[in-house]
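Here is a short briefing on a protein model. Look at the sequence and structure first, then read the points below.

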Protein chains: 2
Amino acid sequence: MKIALIGSGNVATHLAQALKTAGLDLTQIWSRRLENAEQLAKKTGARWISSLEELDNDIELVIVAVKDDAVASIVDQLAAFNGTVVHTSGAVSMEVFQSKVAHYGVLYPLQTFSLKKEVDFSTIPICIEASDAKTLLSIRQLAEQLSKNVTEVDSARRSILHLAAVFACNFPNHLYALAADLLRQYELDFDLIRPLILETAVKVQQALPAEVQTGPAVRNDELTLQRHEALLANDPHLVDIYKLLSDSIKKSSK
Amino acid sequence: MKIALIGSGNVATHLAQALKTAGLDLTQIWSRRLENAEQLAKKTGARWISSLEELDNDIELVIVAVKDDAVASIVDQLAAFNGTVVHTSGAVSMEVFQSKVAHYGVLYPLQTFSLKKEVDFSTIPICIEASDAKTLLSIRQLAEQLSKNVTEVDSARRSILHLAAVFACNFPNHLYALAADLLRQYELDFDLIRPLILETAVKVQQALPAEVQTGPAVRNDELTLQRHEALLANDPHLVDIYKLLSDSIKKSSK
């Protein structure tokens, strides 16, 4: 199956490399940022194209790995394409393809990607969805060559997953950043809490997070909660976050 | 140096095992929960004692690894002891020992401990502090046999570290729990986001968290932010958390 990839950002880059690693036939790459497409094509042995009109006739699958709000306009440009089109977004409904493309679906790799950081794609959960049974089968076969962890998830539940990912990834990362700011203010090294951050995430790989909650809020240690709020008194914004999350922990542990 | 340990909870248990692994002379263990002390003593080749009056005369160091609010009352019971006393708490000031014990200090291992989960103590940052230079040296020598990562931190900055640990560990774990609740409501498996949680923590082992922030808030994706809030509409408590943390991410990335 000849594949074309649209996009050159974090997801597109990691996906292109995973396709190559799996020995799949990534033939063409297009990106709004032509230079990036060229670079990515060179890295993965594909050809870069300067316009979507240059898509080969024998391309069977187009993977649209662009920003959420750019998916729809890309789909509009694929009206002449007869094969299958998938996007890789957690937040964009599959309906974006409806009455525009004959066969379509979603291939959503649930991971946080950074250009500089390699990931083992084979362990990344891939959520798939398709317009029809035959398309679903072909998307599943592709996905299973990329990862051991493939699950069918419809658009409504995929949007919940995407939301849960904000709670489980984007928000924790921001809390790490707030902790780093706090340490910097007092000339303490962020290295001091890196092992703690890692262990907190490692713990829930087996356990459920509610079972391993620690800290002053879960043990109703009012004295420590008050002391912490006092330490944050110069920064009302941090006090708000501290209170809201501590109250939420108390509420959950009731 | 003969050591006695007071406590039998998460910290005491992991510390006892680390002392044993390092070949140090853990001689006696006492805990308010006598059975736990007995169990821990058996595991580590120490003797358990049923009262602090049974402390051997040749004990040189007593490590108090009990709940924060129990440290002071333990210290009161050690008035007759002539050696060095340290506690292991992030939140309790070293002043708790003042005018009660001659030589004292703190040995704070900055990690989240669970009874069931083994940890590699040698990578855990240990923050130390002492009443005098000689005591500091002996605490440092002990700590360096337990971990490669020993730092001197005074009580004021230790309380900041402890607060930062709440932001970097307790709060992220609670956000994992909220994500798990959300997934459960929609019959989605928590396994789907476990790799994401791990990768988020792995990323900041090298990078600074502010540099690797992802998600709708940091890219000012108002449409996704609104959609997410709409998905949470049944649970105003989650909307509050979503808004406060998203606003905080926006503020930080300005």
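Helices (H or I, at least four residues) and strands (E, at least two) are DSSP runs, numbered from the N terminus. A:Thr13 is found in one of them, helix H1 (residues 10–21) of chain A. This is a predicted model: local features need pLDDT of at least 70, side-chain atom pairs count only at pLDDT 80 or more, and totals for chains, interfaces and linings use all residues. Residues are numbered from 1 along each chain as its sequence is written, chains are lettered from A and ligands numbered from 1 in the order in which they are written, and side-chain values use heavy atoms, with hydrogens and water left out.

**Around A:Thr13**

- A:Thr13 is buried, with a relative accessible area of 8%. Buried means under 20% relative accessible area, exposed over 50%, and partly exposed in between (1.4 Å probe, protein chains only).
- A polar atom of the A:Thr13 side chain lies 2.7 Å from the backbone oxygen of A:Gly9.
- Leaving aside neighbours within four places in sequence, A:Thr13 is in contact (heavy atoms within 4.5 Å) with A:Ser8, A:Leu40, A:Lys43 and A:Leu115.

**Where the chains meet**

- 88 residues of chain A are in contact with 87 residues of chain B.
- The two chains bury about 8300 Å² between them, 70% of it on carbon and sulfur atoms. Buried area is the accessible area (1.4 Å probe) that two parts lose on being put together, summed over both.
- Four salt bridges are counted between chain A and chain B. A salt bridge is a side-chain nitrogen of Lys or Arg within 4 Å of a carboxyl oxygen of Asp or Glu.
- One salt bridge joins the side chains of B:Glu199 and A:Lys117 (3.3 Å, N to O).
- On chain A, helices H5 (155–185), H6 (194–203), H7 (222–231) and H8 (236–253) each supply at least two residues of the side that touches chain B.
- H5(A) gives the largest share of that side, 25 residues.

**How the copies are related**

- Two copies of a chain are related by a rotation about an axis and a shift along it.
- Here, a rotation of 180° with 0.0 Å of shift along its axis superposes chain A on chain B (RMSD 0.0 Å).
- In chain A, the C-alpha nearest the axis belongs to A:Pro172, 2.3 Å from it.
- The copies meet through the same surface, because 99% of the interface residues of chain A are also interface residues in chain B.

Note on methods
Least-squares fit on C-alpha atoms with pLDDT ≥ 70 in both. Polar contact = N/O pair within 3.5 Å; in protein donor to acceptor, adjacent residues only side chain to side chain.
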